[in-house]
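Let's take a walk through a protein together.

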Amino acid sequence: MTLAERETQVVERVPKQLFVGGTWREARSGAVFKVEDPSTGSVLCEVADAGTEDGFAALDAAVAAQPSWAKHAPRERGEILRRAYELLMQRQDDLALLMTLEMGKPFAEAKGEIAYAADFLRWFSEEAVRIEGGYSISPNGQARFLVMRQPVGPSMLITPWNFPMAMGTRKIGPAIAAGCTMILKPAQQTPLSALALADILREAGLPEGVLSVLPTSDAGGVTEPLLRDGRIRKVSFTGSTGVGRKLLEQSAEQVLRTSMELGGNAPFLVFDDADIDAAVEGAMQAKMRNIGEACTAANRLYVQSGVATEFARRLSERMGALKLGRGTEDGVQVGPLIDAKAREKVQSLVDDAVGRGARVLVGGSAGDGDGYFYRPTVLADVPQSSELSTTEIFGPVAPIISFDTEDEALAAANDTEYGLVSYLYTRDLNRALRVSEALETGMVGLNQGIVSNPAAPFGGVKHSGLGREGGTVGIEEFLETKYIGVGGV
């Protein structure tokens with residue numbers, strides 16, 4: 001079988017309909033929208049385009065299934081997740097190819113995401129049976145306190161296009177483990193991974209109505225009426241801060257439980273005493289994971305003046321050697337950006353920085369041929385006044401800004417409304433702890449360029465969001481605490 005034939009087969013296997021109440025069905029309106037391959041600009045397929053009526057059908061199914069699902073044995077909820085984990089791993093190659101086609105990331109990286117996504121299912125399969133309560137005596141000895149945990153209830157899950165499988169499992173895993181029904185609204189650019197995941201969960205034994213998946217070209221038209229309806233009790237969103245603010249406003253009307261993983265502007269600090277080889281490797285990971293299209297991507301690289309020139313030289317060599325191309329081709333390390341608008345934004349940010357005095361060490365322009373390619377880029381002498389310093393880049397551009405003192409670096413790093421993650425390279429233990437504590441972010445990568453792990457709490461502060469996903473606290477977002485006071489004991 002040729003690669004083209006395999007690509008066609010992988011796409012054809014995925015259901016293209018809405019998944020509502022345990023069944024596949026067309027949109028009520030009959031509408032569809034096109035899914036594009038960002039490496040060529042060609043159309044992969046068409047999928048059903050959900051509307052408001054479809055949203056309410058999914059909500060009706062979630063509400064109807066909630067009482068019985070909440071009573072479902074925790075062990076069985078965990079076993080469903082475990083079976084789904086195994087199915088994802090068994091089909092890792094096909095699912096990775098599907099992701100490469102609709103999102104653009106290189107196949108090897110897409111395969112890594114499938115493993116990462118599957119690990120959320122495995123992690124929360126183990127957390128399902130560890131939902132605990134409490135029993136205690138009142139201070140005056142006249143009553144007993146019982147504390148129990150119950151599922152929040154029907155939940156709206158909204159995922160982005162940059163990690164189309166992992167962001168789905170990071171939300172679905174704890175919702176299933178906690179006993180919540182859910183409606184998943186995937187990004188318009190990447191619905192196929194979400195639809196494939198829904199089919200795997202169905203195959204793994206997830207009861208009808210527990211999960212619905214609504215791909216749509218009208219996200220606001222589908223989600224806003226559901227949030228204002230009153231029957232949704234929880235919203236979990238990953239995406240831009242701007243959209244997050246709108247969802248928080250809509251959620252306020254019904255006082256919904258919310259968790260928001262929003263934008264980032266991650267600083268990457270390299271001190272004179274750092275292991276420069278390790279720092280360059282970490283910068284490659286933090287900057288180039290997912291083609292730079294990640295909220296955790298290193299957005300501003302602050303390098304102490306004593307090593308700034310050498311760091312820039314080594315990073316430029318590494319970035320310039322990366323192979324740009326379609327993610328299905330052998331040896332490709334950098335795929336296309338998601339669409340033309342994304343590439344235009346990256347070019348605009350680079351042009352602004354150069355116009356203000358930054359120097360292009362490598363890259364700085366769009367790639368050749370079809371698709372939305374942009375060359376890996378390193379800029380030196382980037383002024384703090386440039387838009388790169390305040391805007392989430394979401395592309396393969398590494399702006400280097402030199403600094404002299406620790407206080408100067410911290411002031412610059414914290415000078416942002418965002419606070420998702422920061423990175424720090426130093427061999428001085430005291431500095432490592434001091435700076436880590438002072439950085440205003442929810443996560444810190446200390447001498448490492450990747451912080452994401454299903455077993456660790458993921459989330460930010462300030463305008464980067466509310467709540468945490470993953471780790472032992474990830475399931476807490478889908479649980480309510482109920483206190484029962486027992487008198488006359």
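In which sense do strand β13 and strand β16 pair, parallel or antiparallel? They pair in the parallel sense, over four bridges, with β13 covering residues 298–304 and β16 covering residues 397–403. Here, helices (H or I, at least four residues) and strands (E, at least two) are DSSP runs, numbered from the N terminus, and two strands pair if DSSP finds at least two bridges between them. Within this pair, Tyr302 stands opposite Ile401 in β16.

Before going on, a word on what you're looking at. This is a predicted model, where local features need pLDDT of at least 70 and side-chain atom pairs count only at pLDDT 80 or more, while totals for chains, interfaces and linings use all residues. Residues are numbered from 1 along each chain as its sequence is written, and side-chain values use heavy atoms, leaving out hydrogens and water.

Now zoom out from that pair. Seven strands make an open sheet with mixed pairing, in the order β14-β15-β16-β13-β12-β17-β18. At its edges sit β14 (359–362) and β18 (443–446), each pairing on one side only.

There is also an open sheet of three strands, ordered β5-β6-β20, and its pairing is antiparallel. Its edge strands are β5 (134–137) and β20 (479–487). Look at β5 and β6 (residues 143–151): they pair over four bridges, and Ser136 stands opposite Phe145 in β6.

Next, the inside. In soluble globular proteins, nonpolar side chains tend to be buried together. A nonpolar core is a set of buried Ala, Val, Leu, Ile, Met, Phe, Trp, Tyr and Cys residues joined through side-chain atoms within 4.5 Å, and buried means under 20% relative accessible area (1.4 Å probe, protein chains only). The largest such core here has 127 residues, and Phe268, Phe311 and Leu315 have the most contacts inside it. Apart from it lies another core, of 22 residues, among them Val20 and Ile158.

Finally, find Asn414, in the loop between α13 (406–413) and β17 (421–425). Is Asn414 buried or exposed? With a relative accessible area of 18%, Asn414 counts as buried, because the cut-off is under 20%. Leaving aside neighbours within four places in sequence, Asn414 is in contact (heavy atoms within 4.5 Å) with Ala438, Leu439, Glu440 and Lys462. A polar atom of the Asn414 side chain lies 2.9 Å from the backbone nitrogen of Glu440.

Terms used: Buried < 20%, exposed > 50% of the residue type's maximum accessible area, 1.4 Å probe, protein only. Polar contact = N/O pair within 3.5 Å; in protein donor to acceptor, adjacent residues only side chain to side chain.
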